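These are my notebook entries on a structure that I looked up. I record each point in the order in which I examined it.

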Amino acid sequence: MQLTLLATRTAARPYRFATQCATVDNPDPQHKDQYGSSSVPIYQTATFKGMGGAYDYTRSGNPTRSHLEHHIAKISNARHAFAVTSGMGALDVIFRLLKPGDEIIAGNDLYGGSNRLIGYLKTHGGITTHHVDTTDPSTLVPLLQDPSRKVAMVLLESPTNPLLQIADLETIARLVRTHRPEALVVVDNTMMSPYLCRPLELGCDVVYDSGTKYLSGHHDLMAGVITCDRDDVAKGIAFTINSIGNGLSPFDAFLLLRGVKTLSLRIDKQQANSVLIAQYLDQLGFKVNYPGLPSHRGKAVHDRIASGPGAVLSFETGDVAMSERIVGSARLWGISVSFGCINFSHVSRTKLSCFKFYKRNLPEDLIRLCVGIEDPQDLVDDLEAALLEAGAVRVVDEAGARATLERVRPDGGDMKAVELKSVGGQERVKAGRPALERVMTSAPGKVILFGEHAVVHGVTAIAGAIDLRCYCLAEARSDGQISLDLPDLGYSQSWDLSTLPWHLVDPALTSSSCLKTGPKPDQAPSTELLTLLANQFVHQDQLKAVQAAQAFLYLYMHLAAAQGAGAPRPAAQSFTVRSGLPISAGLGSSAAFSVAVSSALLYSHGVLPLPSSSSSGDAKGGIDRAHADLVNAHAFLAEKVIHGTPSGIDNTVATLGGAVAFRRAVKGREGRLDVIEPQEGRGIRFLLTDTKVARDTKTLVAGVARRKLEEPDTINPLFDSIQRISDSAHSLLTSSTVDRAAQLAELAQLVDQNHAHLVSLGVGHAALEAVRSTTRGEPWGLATKLTGAGGGGCAVTVVPDDFSDDSLASLRSALASSGFETYSTTVGGRGFGVVAVPPSSAEVDEAEGGAERSKVPERRRFDECAGEELARWAEGVEGWVRA
Ligand code: PLP
């Protein structure tokens, strides 16, 4: 049954781009290979025997070329595709659709080769071209509207090469359709490839690519491809190719087909590298042309018509001689023409992470960078060394691994100082390492003691931290990967840092002020980045884990981007998160996850200094309140990624510990959040019982809201009474004068009353009543209420100080015999905690022949042990400091 369903789902959904690229299949039966070869064979033949077959002469058609053309049409979402011997060959074929006397409107920043051909058309073909500024679509209108002009073609490029100017292809195609329906809109899509932009889908008529670039990706062939949807245009193109004989040769068609299979893979990596490099140069104060930068003119248009900024950028130094020195000083970056290739690390001339240095028609100091697939750190390091050697930047301050670089402006103007984590030379600290090698954090879950459900309608709720915790272990690694392991959810995944979509990082989250005070409370996560991240998860069916991983990656990426002043220098790390809390039981496990992960990121990256463990003994906790607030602000953003619109209570309790009294803002009245400080050693014992009855929180909340509308006279007095209960509990929990036994007795009464009200609101359940009747019964006599909005099916029981351990054990086994799971906990304890984890005994033994023994428990146990043993393992690490 499951298999059938899966098959239907797959059939209904078209494959995504990467899959389409990698699967070369031509449904035409005549292309079925007789041996079932998995790679398309090379039909290296000029002629075919016999008459009336599918092929007779390779100038007119060849099976290898047909396969390639079918594949290009498929990934371009086009009806027709053609493969010819070069990009310029493709444009030449397209130009032959024109007649003498026709006119072309073209951009004024076209690829030089296109301009050369346009010049030839003018002298030899009687075809005139009008160059306009295509970054502004309105510049085309007078020409399109002028009846005396025989405009038959509009030729566009976006982004242009090398200034990366953006033309709004969609708007221009619409204008041409309106004013000159007979004119063809032709787009040179070489800079984007069909992966990043498909102009036919934007209303353009003919698209061509220099296949020499991204489609091939290896600088080992010359090719051009043309796509279109119109049958009449396709007919004209096919006629020309057959007439002049510039169809792609079988061997090059084979090579190009092979290259295309990895198109998206290569561009993802090249583009991610480009983003890092563009940000690096931008932050040093150079004028950088790249649509991946928020400041780029036309970025909004580009983001609408394309799905990524590509892997070509250019920058200006302000001085021709300086530009020459930079280009001359680089080692890894070669000097070359063309772009789109991955790299050949040890072959010099054709390296693709290369500069192109322009001397004519363009700013003379302009340097174009075509970025390859090398390790981005090596590229930045090499560029940085070249900039230093060329005198374009200088070091103004160096402290340990950090250095501050300053741009040297040739015009003597203001200089910009940028702090970098590392700087050139032999002593350079291996980049991409977190400030702390191994750090563990923990954060408590919470229970709602009073006010659930009523809180939605403006009544105060009281939530307290419990001593069941979530633990996060962050460890440095050196392989350029970031990984997340969630053993409790059976989830594990790692990502190559250089392929993360860095260009979608939200600038609002990477400012230095954001590093100091955290994301603003109203900051919403970027849906664009979340959608893209969602596609990166292999186990899409594990919703909870995927949401947690999304929140993790979201925080990680922004922190890495905010930190690397010169360029994001993401640290390769492994994160393992364990939950000592039941998950999805309404006990704040997701908030504990968010706080544990946020704090692990902030400490391991050195954004927050590790507090000294000697300060942990004082009653107020050993973590600065400002530091805790920074952790909380990040955790709140993570909670938004996981839940959409969280209240912020859970993460506040998980950060600060103690308890909070929280009242939502309702019409005409402000919200309020009072923090009740953790009471060291005076937490209140509670027994938590998980009935494991899954209930739908949303339905329960909606049911209460409906009853409030329909029966206000019954429900409003209940809310008033719950407000009084919360007020009493608040003063009870903050009073230092009340006798402890009396305090607990009064709390038990409030628990009973609140439970009765919840049942009257209609959110009770037989399983919860079964728990209550057990705990209230002989010989225990303890008060119990349901806790949370209902989804978790959990109950809390107040355990007085004089209730013996034996009694508690027998109560727990009585509940267990009904199939319930119990957790003994203390409410009101410390908030999140952090500890730097030294190497374990085994690791020290290995490294130092057992000279020094560490007291750290076996690392491996952290992944394996569960429940109370997990807490014992984690608490066994010495030096915890808690909020
Ligand atoms: N279009 C653009 C934007 C290019 O950069 C190039 C080559 O550099 C071409 C077209 C021409 O392609 P080819 O060299 O394959 O003829």
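In which loop is Pro159 found? I located Pro159 in the loop between strand 4 (151-157) and helix 7 (169-179). Helices (H or I, at least four residues) and strands (E, at least two) are DSSP runs, numbered from the N terminus.

I note that this is a predicted model, in which local features need pLDDT of at least 70 and side-chain atom pairs count only at pLDDT 80 or more, while totals for chains, interfaces and linings use all residues. Residues are numbered from 1 along each chain as its sequence is written, and side-chain values use heavy atoms, with hydrogens and water left out.

Entry on the backbone.
I looked up the peptide bond from Ser158 to Pro159 and found it to be cis, with omega near -10°. The peptide bond from Glu778 to Pro779 is also cis, with omega near -5°. Pro779 lies in the loop between helix 24 (766-776) and strand 24 (784-787). I then turned to His453, which has a positive phi of about 70° although it is not a glycine. His453 is in the loop between strand 16 (438-450) and strand 17 (461-476).

Entry on the ligand.
I found 14 residues around the ligand, of which Gly87, Asp188, Ser210, Thr212 and Lys213 come nearest. A residue counts as near a molecule or strand if one of its heavy atoms lies within 4 Å of it. I next looked up polar contacts, meaning pairs of N or O atoms within 3.5 Å; within protein, one must be able to donate a hydrogen and the other to accept it, and residues adjacent in sequence count only if both atoms are side-chain atoms. A polar backbone atom of Met88 is 2.8 Å from an oxygen atom of the ligand. For Asn161, an N or O atom in the side chain is 3.2 Å from an oxygen atom of the ligand. A nitrogen atom of the ligand lies 3.5 Å from a polar side-chain atom of Thr190.

Entry on helices 17 and 18.
I read that helix 17 (residues 543-563) and helix 18 (residues 589-604) pack at an angle of about 25°, with their axes 10 Å apart. That makes helix 17 roughly parallel to helix 18. Angles under 35 degrees count as roughly parallel, over 145 as roughly antiparallel, 65 to 115 as roughly perpendicular and the rest as oblique. Axes are lines fitted to C-alpha atoms, for helices over the stretch in contact, and angles run from 0 to 180 degrees between N-to-C directions. Contact means heavy atoms within 4.5 Å. Among the residues of helix 17 that meet helix 18 are Phe552 and Tyr556. The contact of helix 17 with helix 18 has nine nonpolar, one polar and no charged residues. For these classes, Ala, Val, Leu, Ile, Met, Phe, Trp, Tyr, Cys and Pro count as nonpolar, Asp, Glu, Lys and Arg as charged, and the others, Gly among them, as polar.

I found helix 22 (residues 712-734) and helix 23 (residues 740-761) packed at an angle of about 160°, with axes 10 Å apart. Helix 22 and helix 23 are therefore roughly antiparallel to each other. Their contact divides into eleven nonpolar, seven polar and one charged residues.

The axes of helix 23 and helix 24 come within 13 Å and cross at roughly 155°. That makes helix 23 roughly antiparallel to helix 24. Asp752, His755 and Val759 of helix 23 make this contact with Glu769, Arg772 and Arg776 of helix 24. By class, I recorded one nonpolar, one polar and four charged residues in the contact of helix 23 with helix 24.
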